[in-house]
Amino acid sequence: MSELVRMQSVDKRFPGVHALKAVDFDLRPGEVHALMGENGAGKSTLMKCLSGVYQPDGGRILIDGAEVALPTPKAAKDLGIGIIHQELALMRDLTVAQNIWIGREPRLSFGRIDEARQNADAAAIFQAMNVAMDPRAPVSGLTIARQQMVEIAKALSYRSRVLIMDEPTAALNDSEIAELFTIIRKLRAEGVGIIYISHKMDEIRQISDRVTVMRDGAYVGTVEAADTPISAIISMMVGRELSDEAVRIPDLSGAETALEVRALSRGRELKEISFSLKKGEILGFAGLMGAGRTELARAIFGAEPPERGEIRVHGKPVTIRTPSDAVRAGIGYLSEDRKHYGLALGMDVRANIALASLPRYADRLGRIDEPQLAGIARDYIARLSIRTPDDRQEVRLLSGGNQQKVVIAKWLLRDCDILIFDEPTRGIDVGAKAEIYRLLNDLAAAGKAIIVISSELPEVVRLSHRIAVMCEGRLTGILPGGASQEQIMALATAREGMTVE
Amino acid sequence: MSERGKVMSIKETRRGGAQQKLWAFASLIVLVAGFSLASPNFFQVSNIMAILQATSVNGVLAVGVTLIIITGGIDLSIGTLMTFCAVMTGVVLTWAGMPLLLGVLTSIATGALCGLISGTFVAKMKIPPFIATLGMMLMLKGLSLIVTGTKPIYFNDTPGFSEIAQGSLIGRIVPAFPVPNGVLILFIVSAAVAWILGRTVLGRYTFALGSNEEAVRLSGVNTDAWKMAIYALAGGICGIAGLLIASRLNSAQPALGLGYELEAIAAVVIGGTSLAGGRGTILGTLIGALIMSVLTNGLRVMSVAPEWQTVVTGAIIVAAVYADQLRRGRAG
């Protein structure tokens with residue numbers, strides 16, 4: 001079979017890191033080739049070599065059988081290699097068509113832009129993709145899924161024959177994913193080769209033809225997606241077999257109630273939400289994107305205070321208008337977006353652990369007791385097995401799982417006994433996920449009251465002692481632990497008017 | 001990334017920070033050496049003292065605004081605030097005839113209060129720092145002119161006022177080292193602020209705010225209050241600068257002040273503090289301020305026209321930041 005792309009023993013070193021160790025990869029026209037591996041396995045580095053962002057130190061890249069040099073991203077684009085990054089790179093205040101043709105606007109005389117042609121050309125691409133989109137709409141008004149369509153259209157406008165998609169579904173809901181897959185299948189049928197990077201196993205099985213796995217910068221192997229079980233792919237990724245444990249639900253009948261939420265409401269996002277949480281309990285929150293779970297967490301935490309409703313902590317009503325009120329009541333929130341809302345990335349592990357508790361470790365002059373904090377930081381590094389050279393390491397250099405543990409340490413040090421985890425394993429690789437799960441179970445066993453918000457149903461089922469399900473800002477039901485994914489989905493799609501007991 | 005790779009990268013990051021200061025310091029040494037070779041009048045004790053004295057006002061302002069810049073903010077009002085503080089000191093000392101100490105306290109308190117107001121604009125009213133302090137800059141300039149009726153206030157009736165910047169405590173003890181008090185004050189202020197930044201909760205939050213303000217807020221920290229405190233502290237330091245300049249001129253000149261803020265920000269930038277926030281050092285700012293006065297002084301000693309001195313200073317700012325970008329590019 002003819003080959004679109006062949007990468008042969010591609011090698012790449014950065015100071016102190018051997019990022020790619022003689023990696024092989026190939027792509028055929030009209031196939032979806034999934035590239036998998038834990039974070040840091042080298043997938044993105046390999047793709048950056050293919051898209052002209054990095055220059056490999058060794059090896060060859062062949063397009064249509066001929067060796068090519070890709071000194072710049074533009075050179076790669078000219079050869080028909082398009083990349084859609086995980087973080088979309090669109091200019092929010094420009095229109096869809098302006099974004100697609102940025103840098104190569106069709107010109108009229110005197111440097112005027114031919115907006116009409118620009119819009120018509122963009123419309124033609126969307127028609128070919130079978131997507132209804134107004135080229136004149138400003139990008140800022142589009143959902144993430146729609147913005148992704150614009151990115152795909154932009155890549156296609158370069159007549160791309162190779163399309164690299166880096167975790168394209170990370171921010172999409174199920175129906176949006178289905179729509180994306182329709183487009184991917186259409187492109188595949190037209191002979192475009194698609195490299196698909198994702199952590200979601202079920203998607204890989206649905207969409208891809210072949211799967212290549214990388215680990216620690218090295219090529220592990222390539223398998224046919226159709227006849228390889230997921231567990232085999234996972235064990236290729238982590239180098240060991242992972243067992244899927246069933247949830248063990250502790251007897252909490254005698255446990256005291258830690259948190260009680262009554263008729264919490266805010267605008268259209270949260271409607272009359274009531275639930276309670278016991279000490280030692282893990283309450284899972286399931287629901288589709290936009291169901292209001294993050295909004296609920298932020299309301300309880302005071303990041304965006306609720307308009308109505310009551311919150312009781314250990315039986316006493318509390319007023320929470322700001323995060324510092326919540327923290328004082330012993331509530332900690334671990335955002336789904338650690339980098340923006342959880343960590344000061346440029347600061348070290350010690351400073352991040354201490355971030356919420358600093359005044360406690362300072363004298364009257366405000367002088368910080370660094371030796372004591374160093375001891376505390378080292379203690380947490382050992383207790384949570386945070387993998388870091390020392391407590392002075394900048395957290396931006398840690399992996400996602402270890403960053404998450406730093407945030408957990410921050411709240412444990414602040415004596416928070418009600419912890420809200422929003423997507424605790426997002427962007428964390430498979431091996432570290434199991435560790436985070438164990439940590440959550442240990443925390444619950446130690447008497448912490450825990451809320452886990454997760455969009456991954458298997459995660460919710462595996463962790464939760466009880467499962468609360470939300471849909472369109474309402475709590476549509478609370479299921480016992482171990483409930484089936486079907487039961488959860490039924491509640492997650494229970495729209496208003498259909499009441500579920 | 002392997003564990004060993006991580007260890008190496010952190011070492012490089014740390015070395016990068018030290019390297020930055022080393023670079024700025026090396027530039028300073030090269031400048032001093034260059035001017036010393038170019039003109040025999042440059043490397044004289046009297047001229048070095050003049051350079052240090054000339055650095056004191058800009059240096060103190062720069063140290064203050066470094067705090068705000070590390071939070072990711074900016075303060076354009078420091079120049080006219082300095083003047084307003086000097087004017088208020090004149091009101092208390094010359095017009096009301098109060099004792100010297102009260103004048104000193106007035107200047108610092110005025111600065112802190114105005115800083116607190118700027119901080120309120122920024123933290124509570126969510127006005128972008130550039131706009132809030134631009135407004136403050138104009139308000140204070142106007143107020144200085146209104147209070148004084150546009151005429152300078154002289155401190156002839158306050159004995160000892162000129163000693164604040166001009167006298168030399170060190171010179172009285174070690175006559176061979178007639179370091180002016182203004183310079184001594186600059187170093188004391190620098191040491192104090194460096195200590196605050198490196199050792200205290202306020203300092204830690206200053207860096208944390210510039211690094212990721214939302215993460216700090218979601219850690220339960222009252223970010224608004226801390227930010228206001230930082231602006232107030234920087235304002236108080238402007239009050240000290242106000243005393244220094246008033247003492248050197250033996251008067252409060254209400255028309256003065258505009259332009260000082262940009263010189264101070266330039267010193268901060270040359271010293272390697274990022275305008276994006278989260279990073280910066282007082283030592284760097286001090287070196288930056290010294291580079292600026294060495295340049296001005298050296299070019300003057302070499303009889304370069306003042307117009308050209310300004311051009312060179314501007315070019316140095318661009319070059320310093322570009323050099324910093326190159327270093328970062330290489331490190332990353």
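Me: How many other C-beta atoms sit within 10 Å of B:Glu163?
Reply: There are 14, and B:Glu163 therefore counts as partly exposed. The cut-offs: buried takes 20 or more other C-beta atoms within 10 Å of the residue's own, exposed takes 12 or fewer, and partly exposed is in between, with C-beta atoms placed from the backbone. Before you go on, this is a predicted model, where local features need pLDDT of at least 70 and side-chain atom pairs count only at pLDDT 80 or more, while totals for chains, interfaces and linings use all residues. Residues are numbered from 1 along each chain as its sequence is written, and chains are lettered from A and ligands numbered from 1 in the order in which they are written.

Me: OK. Which helix is B:Glu163 in?
Reply: Helix 6 of chain B, residues 163-166. Helices here are DSSP runs of H or I with at least four residues, strands are E runs of at least two, and both are numbered from the N terminus.

Me: Staying in chain B, at what angle do helix 2 and helix 10 cross?
Reply: Roughly 175°, and the axes of helix 2 (residues 45-70) and helix 10 (residues 223-249) of chain B come within 8 Å. The axes are lines fitted to C-alpha atoms, for helices over the stretch in contact, and angles run from 0 to 180 degrees between N-to-C directions. That crossing makes helix 2 of chain B roughly antiparallel to helix 10 of chain B. For the wording, under 35 degrees is roughly parallel, over 145 roughly antiparallel, 65 to 115 roughly perpendicular, and the rest oblique.

Me: Which residues make that contact?
Reply: On helix 2 of chain B they include B:Ser56, B:Val60 and B:Gly64, and on helix 10 of chain B they include B:Tyr231, B:Ala234 and B:Cys238. Two residues are in contact if their C-beta atoms, placed from the backbone, lie within 7 Å.

Me: How many of those are nonpolar, polar or charged?
Reply: The contact of helix 2 with helix 10 of chain B has 17 nonpolar, two polar and no charged residues. Nonpolar means Ala, Val, Leu, Ile, Met, Phe, Trp, Tyr, Cys and Pro; charged means Asp, Glu, Lys and Arg; the others, Gly among them, are polar.

Me: Which stretches of chain B does UniProt list as "transmembrane region"?
Reply: The unreviewed entry lists 48-69, 76-96, 102-123, 130-149, 184-207, 228-246 and 258-276 of chain B. Those positions are in the numbering used here, feature names are shortened, and annotations may be inferred rather than shown by experiment.

Me: How much helix is there over residues 102-123 of chain B?
Reply: 100% helix and 0% strand, with the end C-alpha atoms 30 Å apart. Residues 258-276 of chain B are 58% helix and 0% strand, and there the end C-alpha atoms lie 24 Å apart.

Me: What about A:Ala329, buried or exposed?
Reply: A:Ala329 counts as buried, with 23 C-beta neighbours inside 10 Å. A:Ala329 is in the loop between helix 10 and strand 16 (331-334) of chain A. Leaving out residues up to four places away in sequence, A:Ala329 touches A:Val313, A:Val318 and A:Ile320.

Me: And helix 9 of chain A, how many of its residues are buried?
Reply: Nine of nine, over residues 293-301 of chain A. Among them are A:Arg293, A:Glu295 and A:Arg298. Just after helix 9 of chain A, A:Gly302 takes a positive phi of about 85°.

Me: Last one: what's the phi of A:Ser9?
Reply: It's positive, about 30°, although A:Ser9 is not a glycine. A:Ser9 is in strand 1 (residues 5-14) of chain A. A:Ala22 also has a positive phi, near 45°, and lies in strand 2 (residues 17-27) of chain A.
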